[in-house]
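Reader: I am new to reading protein models, and I would like to go through this one slowly. Could we take it one question at a time?

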Amino acid sequence: MDEEKEGLGFKSEGARLMKFRLKMNLSQKEMSKILGTSQPVISFMEKGERPLTFAHLRILRKKFNFNINWYCTGMGAMQFTDENKSTLISDVSTIQKDYEDLSKQYDQLKKIVYKLVKDFYAKDE
């Protein structure tokens, strides 16, 4: 079976890593110094033969505002900008408000259901 289909291959991530490195105008050797590894390891990563480690992802995130979601899925921007961060904060605030509203609705519905059940069984007595 194809490794990429099984989720064992890292070809897409490797291609995105190469795209990122080239956008940053870095050689594989320069990238290897940033990540604290060797140039052949960067080559393996870009060929999809091995993934970035969590430590590597943290380094890229800290140094370049690297978007880990983009690396993993190809979705979103390659790097976070201040605009992305403010949008993200706004999205989190919206989600939090929605959660609070849904929680209140849940509590109200729970009271209604309890009252209906209580009324239903009260009729039988």
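Author: Before we start, contact here means heavy atoms within 4.5 Å, and please keep in mind that this is a predicted model.

Reader: Which residues of α4 does α3 meet?

Author: Helix α3 covers residues 28-35 and helix α4 covers residues 39-46. From α3, the residues that take part in the contact are Q28, K29, M31, S32 and L35. The residues of this contact divide into three nonpolar, four polar and two charged.

Reader: How are α3 and α4 oriented to each other, roughly parallel or roughly perpendicular?

Author: The axes of α3 and α4 lie 8 Å apart, and the helices pack at an angle of about 105 degrees. Angles from 65 to 115 degrees count as roughly perpendicular. The two helices, α3 and α4, are therefore roughly perpendicular to each other.

Reader: Which residues in α4 are buried, and what covers them?

Author: A residue counts as buried when its relative accessible area is under 20%. In α4 the buried residues are V41, I42, S43, M45 and E46. What covers these buried residues of α4 includes α2, α3 and α5.

Reader: Which residues touch the most other members of the largest nonpolar core?

Author: The largest nonpolar core has 16 residues, and α2, α3, α4, α5 and α6 each supply at least two residues of this core. One of the residues that touch the most other members is L60, and, leaving aside residues up to four places away in sequence, L60 touches L17, F20, M31, L35, L52, N65 and F66. The residues that touch the most other core members are L17, F20, M31, L52, L60, F66 and Y71.

Reader: What kind of aromatic pair do F66 and W70 form?

Author: The structure holds five aromatic pairs, and in the pair of F66 with W70 the rings are 6.1 Å apart from centre to centre, with 90 degrees between the planes. F66 counts as buried at 0% relative accessibility, and W70 is buried as well, with a relative accessible area of 6%. Planes over 60 degrees apart count as edge-to-face. The pair of F66 and W70 is thus described as edge-to-face.

Reader: What kind of pair do the rings of F66 and Y71 make?

Author: Y71 is buried, with a relative accessible area of 4%, and F20, F64, F66, W70 and Y71 form one aromatic cluster. The rings of F66 and Y71 have their centres 6.0 Å apart and their planes at 50 degrees, so the pair is tilted.

Reader: Is N25 buried or exposed?

Author: N25 lies in the loop between α2 and α3, and its phi is near 55 degrees, a positive value in a residue other than glycine. Residues over 50% relative accessible area count as exposed. At 68% relative accessibility, N25 therefore counts as exposed.

Reader: What is the relative accessibility of N65?

Author: N65 has its place in the loop between α5 and α6, and phi of N65 is near 55 degrees, a positive value in a residue other than glycine. N65 counts as partly exposed, because its relative accessibility is 30%.

Terms used:
Residues are numbered from 1 along each chain as its sequence is written. This is a predicted model: local features need pLDDT of at least 70, side-chain atom pairs count only at pLDDT 80 or more; totals for chains, interfaces and linings use all residues. Side-chain values use heavy atoms; hydrogens and water are left out. Axes are lines fitted to C-alpha atoms, for helices over the stretch in contact, and angles run from 0 to 180 degrees between N-to-C directions. Helices (H or I, at least four residues) and strands (E, at least two) are DSSP runs, numbered from the N terminus. Angles under 35 degrees count as roughly parallel, over 145 as roughly antiparallel, 65 to 115 as roughly perpendicular and the rest as oblique. Ala, Val, Leu, Ile, Met, Phe, Trp, Tyr, Cys and Pro count as nonpolar, Asp, Glu, Lys and Arg as charged, and the others, Gly among them, as polar. A nonpolar core is a set of buried Ala, Val, Leu, Ile, Met, Phe, Trp, Tyr and Cys residues joined through side-chain atoms within 4.5 Å. Buried means under 20% relative accessible area, exposed over 50%, partly exposed in between (1.4 Å probe, protein chains only). Rings of Phe, Tyr and Trp (its six-membered ring) pair if their centres lie within 6.5 Å; planes under 30 degrees apart count as stacked, over 60 as edge-to-face and the rest as tilted.
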